[in-house]
Structures are given as C-alpha cells and as structure tokens.
Amino acid sequence: MKHNQYTEEIYEKAISLNKSKKINEIAKELGVPIRTLCNWFIGAHKPKCISKKWNEWNKRRHSNLGKFSQRISIYPNKLKEYEQAYLLGVYIGDGNSSDGFDLQVKDFNFAGYVANLLSKICQRNIKPNKYLRLHKSGRNEIGYRVRIVRKKLKIWLEKNTKLKKSIPNFNSIKAKYYFFGGFFDSEGTIKYGGRILKNKRKTGMYLSICQKDKHILEQLRNTLLQLKIRGTIKQDRNYFLLNIFNKKNHRKIIQNSNIVIQRKRQKILDYIGD
C-alpha cells in the first residue's frame, strides 16, 4: 500500500483549521483522509517530514532491526500450556506474525491480557498502544494495538499453527477450552436469531466465529466435539461461519473457557441465566 507524504505546511494548516472547522470540511479542503486527520489531532502520529532526524533514524532502524530481532530469545515455557493455547487461539483468529506478533482490537482488557502473555514469553514489558480505527459504520473509534518484533516469536507461532493452517494438539482439556476462548475473543461474535420479548430480552442467542478458511473451522469444530460441544458450519458469501447453539454448550464454554472480553462474557451469562 502506498502512503501519501504530507508536507509540514499541510500538517500545520490542518492543526490550525481544527480550531474553527469540522473535520470533514478540513479533509475536503486539504485532500487529507479523515482517518489521517484524526490521528494527527489526537497525537497518534505526525507526518514523517515533521521529524528532522526521521530519515536517518529509519535507516539505522532497518539495518539493525533484522539482526536484533533474530538474536533475541523467547521463552514460551514461561507460559503454562493453557496460556500458550489461548495465545495461539488469538493468533489464528485475528493475529498477524509478519514481524513477530501484531494484534489490533477495540477492547483494552483483551489487549492488556495478550500483552501480558507476550511479556512473559519475551521477558520484557509490553503494553498496548492506543490508535484510531475505522468502525464498520464509518465513524472513528479508539482501538488498541499489541505489537512486538521478534523473529523467533514469529517462527514459534507459525510452526505451532503450520502458518495458521492447523490447530495444535493440546494435551489437557483446559488448554482446548482456553484455545477456544482466545479464538472467540479474537474473532467471535454473539448473535441472536429469535424474537425480542416485551421486556426487550432477546432470544435465540448463539456464538459465531467467522473465517475465510473452512478447514480451520472444521478443525475447531472437531476440537469442540472432544469437549462434547456441537457446532455447525455454513457459508456466507466468501466466508464460513461456525455457529454454536444451545444453552448447555454455552454454559460449558463460559464456565471453562477464559473469555477475557467482559461484554461477551456478560451477554452469555445474561442469556443462560447464570
């Protein structure tokens, strides 16, 4: 993807106009995307031309980063099996391993929990970074990014998941539940297929996970079958959905899986009545 290089003059003018005009008017006048302007205004980043030493720093970074990331060790054994399972579930669900590990989410507690697991593996303090993300409705919202550059971490993630094509064979039942928890936190949603009662309580709730790769969902369904939880797979345009119905299944999941995102946990608890 090619990124536009904005001048210092455009940046200064945008900051000045922000005091008197709406953001969509500024975007139209300067020809700068609203998302970029939002990042400028909240201080998430600035145009590269603002930093006089940016070019020099960037050259040093690229020359040193590869050697540095390759020689730094990681310690997966610092995590228990079920914690490794959760992290691998997050990674397969919506993570990225281009440089090591990268995850962008909107829930701070979820981002913080993943950052804590990575801190144990990498033996350094990792914290989520705030950034501006575009909601599907078109409005901007605050999100959180967890990123660490480690060549050996990238290798560990890809080896254990065969490049996100295979779910590892976990020894314990707890690890299998935690893997699902990580996968669901990362890529799962809660849907309602029933009617809405007079008290506005929704019925027909079910858990749904969306993926482009049907093979991964089939493996996840088989993992759930080992836990005596049934799921069904259906196609929706270019995607596949793994849907889990029945309060009995939901109760097993909420009691045993480490679903970190509180709003998801609460919706399930409210529905099953626990």
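Helix axes here are lines fitted to C-alpha atoms over the stretch in contact, and angles between them run from 0 to 180 degrees between N-to-C directions. On that basis, helix α2 (residues 23-30) and helix α3 (residues 34-42) pack at about 115°, with axes 9 Å apart. The model is a predicted one, in which local features need pLDDT of at least 70, side-chain atom pairs count only at pLDDT 80 or more, and totals for chains, interfaces and linings use all residues. Residues are numbered from 1 along each chain as its sequence is written, and side-chain values use heavy atoms, with hydrogens and water left out.

**Overall composition**

- The chain comprises 11 helices and seven strands, taken as DSSP runs numbered from the N terminus (helices H or I, at least four residues; strands E, at least two).
- Of its 274 residues, 43% count as buried, that is, under 20% relative accessible area with a 1.4 Å probe and protein chains only.
- Among contacts (heavy atoms within 4.5 Å) between residues at least 6 apart in sequence, 63% join residues at least 24 apart.

**Helices α2 and α3**

- The two helices are therefore roughly perpendicular to each other, a class that covers angles of 65 to 115 degrees.
- Their crossing is right-handed, meaning that the near helix is turned clockwise from the far one by less than a right angle.
- Ile23, Asn24, Ile26 and Ala27 of α2 make the contact with Ile34, Leu37, Cys38 and Phe41 of α3.
- By class, the residues of this contact are seven nonpolar, one polar and no charged; Ala, Val, Leu, Ile, Met, Phe, Trp, Tyr, Cys and Pro count as nonpolar, Asp, Glu, Lys and Arg as charged, and the others, Gly among them, as polar.

**Helices α5 and α8**

- Helix α5 (residues 81-94) packs against helix α8 (residues 173-187) at an angle of about 30°, with the axes 7 Å apart.
- α5 and α8 are therefore roughly parallel, the term for angles under 35 degrees.
- The crossing of α5 past α8 is right-handed.
- The residues that meet include Tyr82, Ala85 and Tyr86 in α5 and Tyr178, Phe179 and Phe183 in α8.
- This contact has 10 nonpolar, five polar and five charged residues.

**Nonpolar cores**

- A nonpolar core is a set of buried Ala, Val, Leu, Ile, Met, Phe, Trp, Tyr and Cys residues joined through side-chain atoms within 4.5 Å.
- The largest has 58 residues, and Leu87, Phe101, Val114, Leu118, Leu153 and Phe179 have the most contacts inside it.
- Leu87 touches Leu79, Phe101, Val114, Leu117, Leu118, Ile121 and Trp156, leaving aside residues up to four places away in sequence.

Definitions and conventions. Angles under 35 degrees count as roughly parallel, over 145 as roughly antiparallel, 65 to 115 as roughly perpendicular and the rest as oblique. Buried means under 20% relative accessible area, exposed over 50%, partly exposed in between (1.4 Å probe, protein chains only).
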